[in-house]
Amino acid sequence: MENNGTTFAVKKIADSAFAQRAELTNVVVEEGITTIGYSAFRGSGLTSVKFPSTVTYVGIAAFRDSYALNTVDFNGCTAEIDAEAFIGTAIEELTIPETVMLKGWTNFGWCPQLRTVVMTNMNQTAHHDVFKACGKLETAVLPKVDIMTGGYLVDCPSLRRVTFL
């Protein structure tokens, strides 16, 4: 970021920085950003977000209730996704690579357009209800584990296929 001829290295998007900004439909999260703060884009008008490889943390409710957000690309980042980060978004298909860790609860709950989820690693610390009440969720591809805890797929009435890798 540059201001009056001075360049600053931005590392974090602050808590609630762009919350409730429905007119904000596009943002570029550039390389070098490491943290997306608590409720940073909550209730925004974003339609997609692509995380650079430098993002390591996405805060609680960071994109919650961003009803137009339909595409999320983790782009090889090693992010920890905290509780409720994407509740109530319009994500349709979601791939969570093994470099991304879920923590907390209901990370992607109440996503009414979510149809397909692919998780390549269960090295997660998510507590429960990760995909709760995703009414159109039909397919989930999950890694094979000995014990699956936490109610990952609760209240998903359209769920027809669960495949374990």
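Buried means under 20% relative accessible area, exposed means over 50%, and partly exposed is in between, with a 1.4 Å probe and protein chains only. Before I go on, two notes on the source. This is a predicted model, in which local features need pLDDT of at least 70 and side-chain atom pairs count only at pLDDT 80 or more, while totals for chains, interfaces and linings use all residues. Residues are numbered from 1 along each chain as its sequence is written, and side-chain values use heavy atoms, with hydrogens and water left out.

Back to Val58. You will find this residue in strand β6. Strands (E, at least two residues) and helices (H or I, at least four) are DSSP runs, numbered from the N terminus. What does Val58 touch, not counting residues up to four places away in sequence? Its partners are Ile36, Phe51, Phe63, Ala79, Glu80, Ile81, Asp82, Ala85 and Phe86. Contact here means heavy atoms within 4.5 Å. Val58 and Ala83 are 25 residues apart in sequence, and their C-alpha atoms are 9.1 Å apart in space.

Ile36 has a list of its own. Leaving aside neighbours within four places in sequence, Ile36 is in contact with Ile13, Val29, Phe41, Phe51, Val55, Tyr57, Val58, Gly59, Ala62 and Phe63. Ile36 also turns up in the largest nonpolar core, which has 40 residues; Ile36, Phe86 and Phe131 are those with the most contacts inside it. A nonpolar core is a set of buried Ala, Val, Leu, Ile, Met, Phe, Trp, Tyr and Cys residues joined through side-chain atoms within 4.5 Å. The elements giving two or more residues to this core are β9, β11 and β13.

Now for the rings. How many aromatic pairs does the structure hold? There are eight. A pair of aromatic rings is described by the distance of the centres and the angle of the planes. Rings of Phe, Tyr and Trp (its six-membered ring) pair if their centres lie within 6.5 Å; planes under 30 degrees apart count as stacked, over 60 as edge-to-face and the rest as tilted.

Take Phe18 and Phe41: their ring centres are 5.3 Å apart and their planes are at 10 degrees, so this pair is stacked. Phe18 sits in the loop between β3 (12-13) and β4 (35-36), and Phe41 in the loop between β4 and β5 (48-50), so the pair ties together parts that are 23 residues apart in sequence. Phe18 is partly exposed, at a relative accessible area of 30%, whereas Phe41 is buried, at 0%.

Next come Phe63 and Phe86. Their ring centres lie 5.2 Å apart with the planes at 5 degrees, so they are stacked too. Phe63 is in the loop between β6 (57-58) and β7 (71-73), and Phe86 is in the loop between β8 (80-81) and β9 (93-96), so this pair ties together parts 23 residues apart in sequence. Phe63 is buried, with a relative accessible area of 0%, and Phe86 is buried at 0% as well. One aromatic cluster is formed by Phe18, Phe41, Phe51, Phe63, Phe74, Phe86, Phe108 and Phe131.

Let's move to the sheet. Four strands make an open sheet in the order β9-β11-β13-β14, with parallel pairing. β9 and β14 (161-164) stand at the edges, each with a single partner strand, so one side of each has no neighbour in the sheet. On average, neighbouring strands here are turned by 5 degrees against each other, direction ignored. Those angles use axes that are lines fitted to C-alpha atoms, for helices over the stretch in contact, and run from 0 to 180 degrees between N-to-C directions.

Two strands pair if DSSP finds at least two bridges between them. β9 and β11 pair in the parallel sense over four bridges, with Leu94 opposite Val117 in β11. Three bridges join β11 (residues 116-119) to β13 (residues 139-142), which also run parallel, and Val118 has Val141 in β13 as its bridge partner.

In a regular strand the side chains alternate between the two faces of the sheet. Which residues are on the covered face of β9, and which on the uncovered one? Leu94 and Ile96 are on the covered face, Glu93 and Thr95 on the uncovered one.

Last stop: Pro97, in the loop between β9 and β10. Pro97 is partly exposed, at 24% relative accessible area, and is in contact with Phe74 and Thr120, leaving aside neighbours within four places in sequence.
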